[in-house]
Amino acid sequence: MSSSDRSRAVDLTRTYEVRTYGCQMNVHDSERLSGLLEGAGYVRAPEGSDGDADVVVFNTCAVRENADNRLYGNLGRLAPMKTKRPGMQIAVGGCLAQKDRDTIVKRAPWVDVVFGTHNIGKLPVLLERARVQEEAQVEIAESLEAFPSTLPTRRESAYAAWVSISVGCNNTCTFCIVPALRGKEKDRRTGDILAEIEALVGEGVSEITLLGQNVNAYGSDIGDREAFSKLLRACGKIDGLERVRFTSPHPRDFTDDVIAAMAETPNVMPQLHMPMQSGSDTVLKAMRRSYRQERFLGIIDKVRASIPHAAITTDIIVGFPGETEEDFEQTLHAVREARFAQAFTFQYSKRPGTPAATMEGQIPKEVVQERYMRLSALQEEISWDENKKQVGRTLELMVAEGEGRKDGATHRLSGRAPDNRLVHFTKPDTEVRPGDVVTVEITYAAPHHLLAEGAPLDVRRTRAGDAWEKRNTAEAAKPAGVMLGLPQIGVPEPLPAVTGSGCGLD
């Protein structure tokens, strides 16, 4: 191929951009959407394109009250850009698409494709059909067509990966719309999950996070109540897999065999994110949560007895309908007792289509805000105290990419401890890459991060670091106009970092 032919081929390449809102499940789905589009010949638009791609995909979330306003605001900003570029296409998928269906095209007629949570694999076909027929394509499947992990992928990290073990949820929490949009729980075969993990490890991945709307209920669909603990133990036998995490478990299904598997499987990390939502038994009952404060704190005690250095985090909703000051005080009591490393707190907002949205006793916003501030202040104090206990400890960190916003100015790098705490450390004299492992001594604690100010005690180059280097070398060698851009997500964030875990609803 001549240089002029190559230039024309580059010019004809169609670019894409995927914008993700919501939970880790959506992040994982977006990796699959990117893989599908690249398999169909699209290439990722450079960072900062801001809607300048040929195809812009919104992977939406329906959790928040203003989720639709956010979507239509973004779609509105793209409308004039699309008018100037007739070949541009816009697609909307995810939970809000599953919920609103035809409403999206009515309110934003310039949208080309609407697809749901169950048929993300159809996106390239729907885009082509919309282009040929010159009309919007709306296709919402009512049941799962394929597990996300069976589709092509463009993983955002070379060294860490999400692995979906189940989709859907069998719970009926009154604040949550996810079961209506994702459907009843459906489990993957254990052999398929392990085969995927082994393939990822073969590509250089050293950390995986098992995903499910209610991850530790895994097995209910296949009739084995101990299936999740067995899966954790099986992960421990995979050579080269250094770190295993999971999100998000439900207290109802958190059984002793799971705690034992966590404690006895070396590569299952000493970390647990388990949403409490409220410390009040009255509120938990109104939420239709199947446990009470005593049961929740009992699980925490058992985990700490078996895994003394475990970092435990949670999600809490403040201002649920009917919550009294006494109820809120019970939440504060539970937080003091649990000593969470972090608590991701949310002010209750109505989720359209949920029972809680029409409940009596909606709390005035100023009351919710005041309680939220009190809870945040308490948790900030506890988080700092718990982090101070880490000072003097020697920890192995997996070097992360893009997690230290000030690393350039401070000449530091950042990494994740086994318990998922974020640690900023002094850049060593030897080369270190994302995915490599460094050993450091913690010298300082802040409420949300740790510092290791001395020189690292050890640097271990890993296959994961090799994989990161190989990917970035290959992408740097691509011709201009076909650059995929630098990864934006990197190692999975602390489990609830996207919007809490499991949409903050587990």
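**View 1. The bend of helix 3 at L78.** Helix 3 bends by about 30° at L78, with a proline, P80, following within four residues; the bend at a residue is the angle between axes fitted to the seven residues ending there and the seven starting there. The model is predicted, so that local features need pLDDT of at least 70 and side-chain atom pairs count only at pLDDT 80 or more, whereas totals for chains, interfaces and linings use all residues. Residues are numbered from 1 along each chain as its sequence is written, and side-chain values use heavy atoms, with hydrogens and water left out. Helix 3 spans residues 67–84 and reaches 27 Å from its first C-alpha to its last, close to the 26 Å expected, the expected span being 1.5 Å times one less than the number of residues. Helices (H or I, at least four residues) and strands (E, at least two) are DSSP runs, numbered from the N terminus.

**View 2. The packing of helix 3.** The buried residues of helix 3 include L71, Y72, L75 and L78, where buried means under 20% relative accessible area, exposed over 50% and partly exposed in between, with a 1.4 Å probe and protein chains only. Among the elements against which these buried residues pack are strand 1 (15–20), strand 3 (55–60) and helix 5 (102–107).

**View 3. The salt bridge of R85 and D54.** The side chains of R85 and D54 meet in a salt bridge at 3.0 Å, N to O, a salt bridge being a side-chain nitrogen of Lys or Arg within 4 Å of a carboxyl oxygen of Asp or Glu. The pair links distant parts of the chain, with R85 in the loop between helix 3 and strand 4 and D54 in the loop between strand 2 (43–44) and strand 3, 31 residues apart. R85 counts as partly exposed at 23% relative accessibility, while D54 is buried at 17%.

View 4. C169 is placed in the loop between strand 8 (166–167) and helix 7 (178–182), and C169 counts as buried at 10% relative accessibility. Leaving aside neighbours within four places in sequence, C169 is in contact with residues including P179, K184 and N214, contact meaning heavy atoms within 4.5 Å. C173 is buried with a relative accessible area of 7%, and C173 touches M287, R288 and R289, not counting residues up to four places away in sequence.
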